[in-house]
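Please have the sequence and the model at hand while reading.

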Amino acid sequence: MVRPYAIKGHKRKKREENYDREEVEQPLEEKTEATAAQDAKAEEVALELPGIPIVPSNSNNKTGVTFILERACLEVAKVGKTYQLLSSEDHANFLRKNNKNPADYRPDILHQALLAILDSPLNKAGRVRAVYVKTEKGVLFEVKPHVRIPRTYKRFSGIMLQLLQKLSITAVGKREKLLRVIKNPVTQYLPVNSRKIGFSYSSEKSIPMRDYVAAVSDDVDLVFVVGAMAHGKINNDYTDDFIATFLAIR
């Protein structure tokens, strides 16, 4: 024979469990609403800004160095249903079908050049004043020295694609434009008292970079013009001198 209080005890236990569950569920709903508001705010920032971090820079020095990367191969084309930055590694067949030489499409060279400049002790010391890039198509854009360029080529390719389409890339949480397309010619942005040095393997002047820089006056800003293409030479009319040397950014 079943005792009646056993049934009452079972019901009482069930009521207690329901009561406890309601107490736990209520703050979870409140927390979810607060989290949703934070996530919405984070999404607004993410949609507004591409997510390139910046690092502190020191620009108190009187003289500095400016880099100009000439003839960078950055070309956007519609491949399939999407627009992509063309490269010899990813779009060789597409380029051949359009009668273009895949060897000319090397945006990875620009990627490595920017990493070398921005990661250099020279830049960390605050001596790099500006970095300018001019593409084969004549598009000129500025890269702020305190930008952290993406380490992987895939992310870099996405940033370059966005830059060429929207003409600027903005910093996280700020309105500062870290990369922006600017008007030609590049000479209007260079320091007045500067010496513009181009690098060429075909130059007859072969001199160690340390000796060349040491001979320049301390009150003169240096502008290094470097080719960012796979082959060929730099053709410009603003370079003061061409030298053949190995450039180590230190």
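## Surroundings of Phe141

Leaving aside neighbours within four places in sequence, Phe141 is in contact (heavy atoms within 4.5 Å) with Leu74, Leu110, Val131, Tyr132, Val133, Thr135, Met160, Leu163, Arg180, Val181 and Ile182. The model is predicted, with local features needing pLDDT of at least 70 and side-chain atom pairs counting only at pLDDT 80 or more, whereas totals for chains, interfaces and linings use all residues. Residues are numbered from 1 along each chain as its sequence is written, and side-chain values use heavy atoms, with hydrogens and water left out.

Phe141 belongs to strand β5 (residues 140-143), where strands are DSSP runs of E with at least two residues and helices runs of H or I with at least four, numbered from the N terminus. Phe141 counts as buried because its relative accessibility is 0%; buried means under 20% relative accessible area, exposed over 50% and partly exposed in between, with a 1.4 Å probe and protein chains only.

Glu142 and Arg180 form a salt bridge with an N to O distance of 3.1 Å, the term requiring a side-chain nitrogen of Lys or Arg within 4 Å of a carboxyl oxygen of Asp or Glu. Since Glu142 lies in strand β5 and Arg180 in strand β7 (residues 177-182), the pair ties together parts that are 38 residues apart in sequence. Glu142 is buried at 9% relative accessibility, while Arg180 is partly exposed at 32%. A network of salt bridges links Glu142, Lys144 and Arg180.
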